[in-house]
Amino acid sequence: MLTKFQAKLFFLVGTFLFSAVFLMLTYDSLKYVYSSPSSRTLSEEVIRGKELWEKNNCMGCHTILGEGAYYAPELTKVYERRGPEWIRVFLKDPEAMYPGERKMVKYDFSESQISDIIAFLKWNGELDLKGFPPKPEYKTSTQIVNSESASVTQPEKFKQICTACHSVAGSGGNVGPALDSVGKKYDLAYLQNWLKDPQKVKPGTAMPKLPLTDSEIKDLSSYLSQLK
Amino acid sequence: MKYKSQKIAYWFFATCMLLLSLQIIYGFVMGFARMGFDVLHDWIPFNAARATHTNLLVVWLLTGFMGAAHYIIPDESDREIYSEKLAYIQLISLILVGVVSIIGFHFNIWEGRKFLEIPRPLDYLVVVNVLLFLFNIGMTVWKGKRYTTTALVLYFGLFSAALLYLPGMIQFNSQTVDSYFRWWVVHLWVEGVWELIMGGILSFLLIKLTGVDREVIEKWLYVIVGLTFLSGILGTGHHYYYIGVPEYWKWVGGFFSMLEPLAFLAMAMFAISMYRKSGRNHPNTIALFWTIGSAVMSFVGAGFLGFAHTLPQVNLYTHGTLITAMHGHLAFWGAYAMIVFAILTYAMPLLTGRKLWNNPTGLFAFWASNIGMLGMTGAFAVAGIAQVYLERKLGLDFLTVQKEIQVHFLGLVLAALVFTAGIIAFIINFIRFGTPTDEALGAEQASGDISLARRS
């Protein structure tokens, strides 16, 4: 068997050899990172967003690039999933968007701080992550109903916020129900009331009270009532 | 104990027990939050509880390692510690930094990088503190009457741990680079230099408890730490699969991660074979339980469960899920918590002169905490597998999935209660030993410390 000297040699040679390889690969990786497209889009805004991300220990609940605390959603692709408008509304009052659900601290971010955070999330979402996070494999596609019957076009607000949770014609989120035939179930007046204050109509619902103006509510409900 | 100054170790151990108790309390806060009882949200939001829980873990383990060094290094170097006063100053300042950081977490003051949440200004104090410690222990080794491999490996481990804290203090603008260097600290600590510290403590305990020849034990110590670095350094790559660095990390990280369990397997086989070689039985059987237990559990938790999700094909799905929490809990417990408990159990009778070994409370502490921790690991595993399947395979919404797996956290909290019962028993035993006295000097003879008895 080995002598003590040979064992020591194994330890020393192994350690130095692999440390050297590790340093070489580190050099190469940094070269790769700093020459990739992501380093060109790393703006002041993104950097400020990262500072806010760290200053408030967002990683203490969320994960980003798969690193964090698994208590709140993975945010690498949140920009793609929810869109900037939704994130903006959400960050102003997180609990209002998920009434009665897992809580997030309400931070008093200013408008520009929220923009910085959104820029940071967008930047991370655009990184080349070698296939992470994986696309779900057995996801059932939402049923497509004749959403073409709508004569009113989809309001901008709908695309920005509602599609984060609801889907129409197969595209959108799956948190809330698909809205393809919502007009069959509810009339214009009901939808208007609903959008004004969902909790009042159906206490305990997961649907948040969104910061919508009266004209936006009008547009949205007339659009929705046409989906039959 | 052989030297008066070894008594310092006791105060490090006592701090350890205090911080561990706090860590468990914060663990419960999080367990309940995950069950849906987030009643403390306004005072201790999840991110504060989480940062406190993990930072306390790091600090109490480091305190334990420092305590171990204060016990082992004088013994191995055959002299008193270089400066007793420095040791106490260092301990007190360590506690201060820890307490200030933890209070800060509750007021939204932190650096916000997982495991490295301590705000940067306090980082500098940590550096000064650790330099004090390294100087004091280093001078003891330097001026010692003999240089043993055990002492050198332990010191090299502590030194490298301090050195590797530095890359975590540099600021990077890119999340990719930030993440890259954060792992230099976190991974190279727990899967590199901390294993040196663990190896050092383990070999000291095996020399004392089994009476096997020092030459034999120290030779294997070199082989084990050699294997650790051979696999662990490039094994850092398993954190680099999906952060935006070159593709080759999947191959490098995957391959060397496959080798990582070897070091732990060697450690377990080494501990067991040394135990079987021992001619006589040391009376402090519980210390032996913790020692062998640590080697075995670190193989299960760090080696096996780590291997279970480090291959890139698997990690693609398990990355950033509760599977990591499952592996993390048993790995830290087996490799580092248990070895601290081992040295503590071994040293306490010698520090206080009270032969309180092999009592029912001590045995209960060992079994309850281990069974509890295995139960917690199981709960995390089931929750994690369900999460991966529902969220990553079926594409269900995050919060929907969390509701589905809430029930597993009831299991987690129940297992945590068993674990806590064990830890309480351990602490009761610790308190029963009382404080160290000078009368315990030279108590090795009476303690049946095999190798020492043979030497004299």
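Across the interface of chain A and chain B the rule finds 7 salt bridges, a salt bridge being a side-chain nitrogen of Lys or Arg within 4 Å of a carboxyl oxygen of Asp or Glu. This is a predicted model, in which local features need pLDDT of at least 70 and side-chain atom pairs count only at pLDDT 80 or more, while totals for chains, interfaces and linings use all residues. Residues are numbered from 1 along each chain as its sequence is written, chains are lettered from A and ligands numbered from 1 in the order in which they are written, and side-chain values use heavy atoms, with hydrogens and water left out.

**Interface of chain A and chain B**

- A salt bridge links B:Lys403 to A:Glu101, with the closest N and O atoms 3.3 Å apart.
- Chain A brings 70 residues and chain B brings 79 residues to the contact, where contact means heavy atoms within 4.5 Å.
- About 6800 Å² is buried between chain A and chain B, and carbon and sulfur atoms give 63% of that area; buried area is the accessible area (1.4 Å probe) that two parts lose on being put together, summed over both.
- On the chain A side, A:Lys4, A:Phe22 and A:Tyr70 lose the most area to chain B, together 12% of what that side buries.

**Backbone features of chain A**

- A:Tyr70 lies in the loop between β2 and α4 (78-82) of chain A, helices (H or I, at least four residues) and strands (E, at least two) being DSSP runs numbered from the N terminus.
- Phi of A:Tyr70 is near 60°, a positive value in a residue other than glycine, and A:Tyr70 counts as buried at 6% relative accessibility, given that buried means under 20% relative accessible area, exposed over 50% and partly exposed in between (1.4 Å probe, protein chains only).
- A:Leu65, in the loop between β1 (63-64) and β2 (67-68) of chain A, also has a positive phi, near 55°, in a residue other than glycine, and at 1% relative accessibility A:Leu65 counts as buried.
- A cis peptide bond, with omega about -10°, joins A:Phe132 and A:Pro133, and A:Pro133 is found in the loop between α7 (111-125) and α8 (156-160) of chain A.

**Two buried residues in helices**

- A:Pro94 belongs to helix α6 (residues 94-97) of chain A and is buried, with a relative accessible area of 3%.
- Not counting residues up to four places away in sequence, A:Pro94 touches A:Met104, A:Val105 and A:Lys106.
- From C-alpha to C-alpha, A:Pro94 and A:His166 are 18 Å apart in space, and they are 72 residues apart in sequence.
- In chain B, B:Ser77 lies in helix α2 (residues 46-77) and is buried, with a relative accessible area of 1%.
- B:Ser77 touches B:Thr140, B:Val141, B:Gly144, B:Lys145 and B:Arg146, not counting residues up to four places away in sequence.

**Helix packing in chain B**

- Helix α9 (residues 285-308) and helix α12 (residues 360-393) of chain B pack at an angle of about 5°, with their axes 11 Å apart; axes are lines fitted to C-alpha atoms, for helices over the stretch in contact, and angles run from 0 to 180 degrees between N-to-C directions.
- α9(B) and α12(B) are therefore roughly parallel to each other, as angles under 35 degrees count as roughly parallel, over 145 as roughly antiparallel, 65 to 115 as roughly perpendicular and the rest as oblique.
- Among the residues making the contact are B:Phe289 and B:Trp290 of α9(B) and B:Phe366 and B:Trp367 of α12(B).
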